[in-house]
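I set out to look up aromatic contacts, a helix crossing and one backbone angle. My entries follow the display.

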Amino acid sequence: MEFVGSAYKKEIKTKISNITITEFVLLGFSDVPQLQWMLFGIFLFMYLSILISNSIIMLITRTDSGLQTPMYFFLSNFSFVEICYVTVTIPRMLMDICTQKGTISLLSCAVQLCFVIMLGGMEFLLLTVMAYDRYVAICNPLHFPLVMNNKVCVQLVAACWVCIIPVVSGQTYQIFSLPYCGSNKIHHFFCDIPPLLKLACGDTFVNNLAIYIASVVFIMVPFLLILVSYGKIICNVLKLASTGGRSKAFSTCSSHLIVVVLFYGTATITYVQPKAYQSESLGKLLSLFYTILIPLLNPIIYTLRNKDIMVALRKLKTKLSVYGNT
């Protein structure tokens with residue numbers, strides 16, 4: 001009798017595993033329904049704050065004559081990528097909180113995943129380019145106008161897109177080529193690599209290896225390049241005779257360094273750490289950190305610690321007040 005029961009259970013399990021999934025369910029924050037509207041209000045406020053603050057940075061870096069430098073050109077591109085990045089995840093999350101459904105088709109999930117890792121990877125590459133810009137400006141100031149001219153800046157940003165798009169497209173195709181059967185519930189608020197691989201039925205060794213290699217190439221290598229750049233910057237700054245020159249050099253780099261530490265710290269834990277050691281709660285918490293909190297903090301870090309942007313903001317405020325009075 002016990003043998004018949006175990007055989008029956010095995011048969012049922014086999015039938016369930018043979019069901020091909022056509023859609024996923026993002027569980028998100030369904031485990032705390034009592035906090036539904038409070039979370040909705042908090043995330044909506046944070047999303048609007050990210051949109052407004054990054055849009056202001058883009059506006060002043062394009063219109064203010066004092067900010068027409070490579071550093072602010074890259075910062076403007078970074079703000080644009082930030083806006084796109086949060087728009088891929090937060091509106092969908094807000095809709096799921098409202099409806100308490102979380103259903104998402106395979107195609108929509110694949111598109112979301114593709115844009116999440118593409119825009120996230122683009123941010124890492126832009127941070128590396130920004131570090132190189134600071135390195136040239138401080139270590140080779142005489143050659144800076146020649147090395148970092150407008151054409152080179154555009155080419156560097158274009159090169160970042162060219163590098164990231166084919167890799168991300170291939171990785172997304174590889175992940176969604178896996179068979180998904182059994183449970184279709186994703187313990188996350190958006191389609192991300194670690195929770196998706198947990199639902200895959202086939203062997204994910206090749207996928208995990210590809211993710212690890214991509215993480216090393218697009219996270220660890222850029223991080224090492226940033227460390228080398230800032231190592232040389234610090235060595236050159238310490239050689240400066242004037243205290244004022246040192247403080248000015250450090251002030252232009254400190255905001256960038258803070259953003260680098262926040263980004264690379266959370267990304268390394270999420271994508272480089274072995275998946276066996278990741279808990280669903282930790283993954284969700286880290287994702288909240290790098291998809292919402294860091295994009296919210298970035299404009300604050302760059303504005304409060306940057307005198308040029310503060311001056312540009314005052315000019316913009318004056319122009320708006322004059323325009324309002326007329």
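I began with the aromatic cluster: F78, F124, F223, F263 and Y264 form one. The model is predicted, so I kept to its thresholds: local features need pLDDT of at least 70, side-chain atom pairs count only at pLDDT 80 or more, and totals for chains, interfaces and linings use all residues. Residues are numbered from 1 along each chain as its sequence is written, and side-chain values use heavy atoms, with hydrogens and water left out.

My search of the whole structure for aromatic pairs found twelve. I counted rings of Phe, Tyr and Trp (its six-membered ring) as a pair if their centres lie within 6.5 Å; planes under 30 degrees apart are stacked, over 60 edge-to-face and the rest tilted.

I took W37 and F40 next. Their ring centres are 5.8 Å apart and their planes are at 75°, so this pair is edge-to-face. Both belong to helix α2 (residues 36-63), where a spacing of three residues separates W37 and F40 by about one helical turn. Helices (H or I, at least four residues) and strands (E, at least two) are DSSP runs, numbered from the N terminus. I noted W37 as exposed, at a relative accessible area of 55%. My classes are buried under 20% relative accessible area, exposed over 50% and partly exposed in between (1.4 Å probe, protein chains only).

I then turned to helix packing. The axes of helix α3 (residues 70-99) and helix α6 (residues 150-176) come within 10 Å and cross at roughly 30°. Axes are lines fitted to C-alpha atoms, for helices over the stretch in contact, and angles run from 0 to 180 degrees between N-to-C directions. Contact means heavy atoms within 4.5 Å. On the α3 side I listed P70, F73, F74, N77 and V81, which meet C153, V154, L156, V157 and W161 in α6.

Last, I checked a backbone angle. Q100, in the loop between α3 and β2 (103-105), has phi near 60°, a positive value in a residue other than glycine. Most residues other than glycine have a negative phi. Q100 counts as partly exposed, at 36% relative accessibility.
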